[in-house]
Amino acid sequence: MISIKREDIEIVLEHARDENPREACGILAGNNGIVEKVYRMKNKDLSSVTYLMDSMEQFAVMKEMRGKGLDIVGIYHSHTSSVAFPSATDIELAFYPEASYLIVSLAGKEPQMRSFRIKDEKIEEEEIGIL
């Protein structure tokens, strides 16, 4: 389970809307499955179907997180025209098996948010706890 504050959910949703029609992406930092900070990242792909975080920006965020005693709790990104479920590319690029993968779909009238664990190409949906 991943736990996240309502205001942090709003940050993720706002980021997804701001980037639409491109995918948004970011890092959810915290400890023990509890999100303490949302880092909005740039999508270097500038794509509506894929995302790639800028390595220099990611390095700076990881350094800041380390200084604050935070770990990667999750990675989030948006799907602009498909459901909130990991794509084949999402599964292939899931490099953090200990992290939650939060996906926001903007395909419907209202955004849909779901979270998954992806390990060894196996997908398991998990609960999102609202703090």
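Strand 2 and strand 3 run antiparallel and are joined by 7 bridges; two strands count as paired if DSSP finds at least two bridges between them. Strand 2 also pairs with strand 4, again in the antiparallel sense, over 6 bridges. Helices (H or I, at least four residues) and strands (E, at least two) are DSSP runs, numbered from the N terminus. This is a predicted model, where local features need pLDDT of at least 70 and side-chain atom pairs count only at pLDDT 80 or more, while totals for chains, interfaces and linings use all residues. Residues are numbered from 1 along each chain as its sequence is written, and side-chain values use heavy atoms, with hydrogens and water left out.

- Strand 2 is mostly covered, with 6 of its 7 residues buried; buried means under 20% relative accessible area, exposed over 50%, and partly exposed in between (1.4 Å probe, protein chains only).
- G26 is a handy place to start looking: it stands opposite R40 in strand 3 and opposite Y76 in strand 4.
- Strand 2 and strand 3 make a hairpin with 2 residues between them, and N32 in that turn has a positive phi of about 50°.

**Helix 2: span and ends**

- Helix 2 covers residues 55-68, which is 14 residues, and reaches 20 Å from its first C-alpha to its last. That is close to the 20 Å expected at 1.5 Å a residue, where the expected span is 1.5 Å times one less than the number of residues.
- At the N-terminal end, D54 does the capping: one of its side-chain oxygens lies 3.1 Å from the backbone nitrogen of M56. For reference, a polar contact is a pair of N or O atoms within 3.5 Å; within protein, one must be able to donate a hydrogen and the other to accept it, and residues adjacent in sequence count only if both atoms are side-chain atoms.
- Just after helix 2 comes G69, with a positive phi of about 70°.

- The buried residues of helix 2 are E57, Q58, V61 and M65. Looking down the helix axis, these buried residues fall within an arc of 95°, so they line one face; the arc is that of the directions from the helix axis to the C-beta atoms.
- On the other side of helix 2, the exposed residues are M56, F59, K63, R66 and G67.
- The cover over the buried residues includes strand 2 (25-31), strand 3 (34-41) and strand 4 (71-79).
- Q58 sits in helix 2 and is buried at 19% relative accessible area. Leaving out residues up to four places away in sequence, Q58 touches I27, M41, M53 and Y96, with contact meaning heavy atoms within 4.5 Å.

**Salt bridges**

- The structure holds 6 salt bridges, each a side-chain nitrogen of Lys or Arg within 4 Å of a carboxyl oxygen of Asp or Glu.
- K68 and E64 are 4 residues apart, about one turn of the helix, and E64 is partly exposed at 34% relative accessibility.
- E125 and R114 form another one, with the closest N and O atoms 2.8 Å apart. The pair links distant parts of the chain, with E125 in strand 7 (residues 122-126) and R114 in strand 6 (residues 112-119), 11 residues apart. E125 is partly exposed, with a relative accessible area of 44%.
- E19 and R22 also meet through their side chains, at 3.5 Å, N to O; R22 counts as partly exposed at 30% relative accessibility.

- Some background first: most residues other than glycine have a negative phi, and most peptide bonds are trans.
- The peptide bond from N20 to P21 is cis, with omega near 20°. P21 lies in the loop between helix 1 (6-19) and strand 2.
- D120 has a positive phi of about 50° although it is not a glycine. D120 lies in the loop between strand 6 and strand 7 and counts as exposed at 64% relative accessibility.
- E121 has a positive phi too, near 65°, and is likewise a residue other than glycine. E121 lies in the loop between strand 6 and strand 7, and counts as exposed at 63% relative accessibility.
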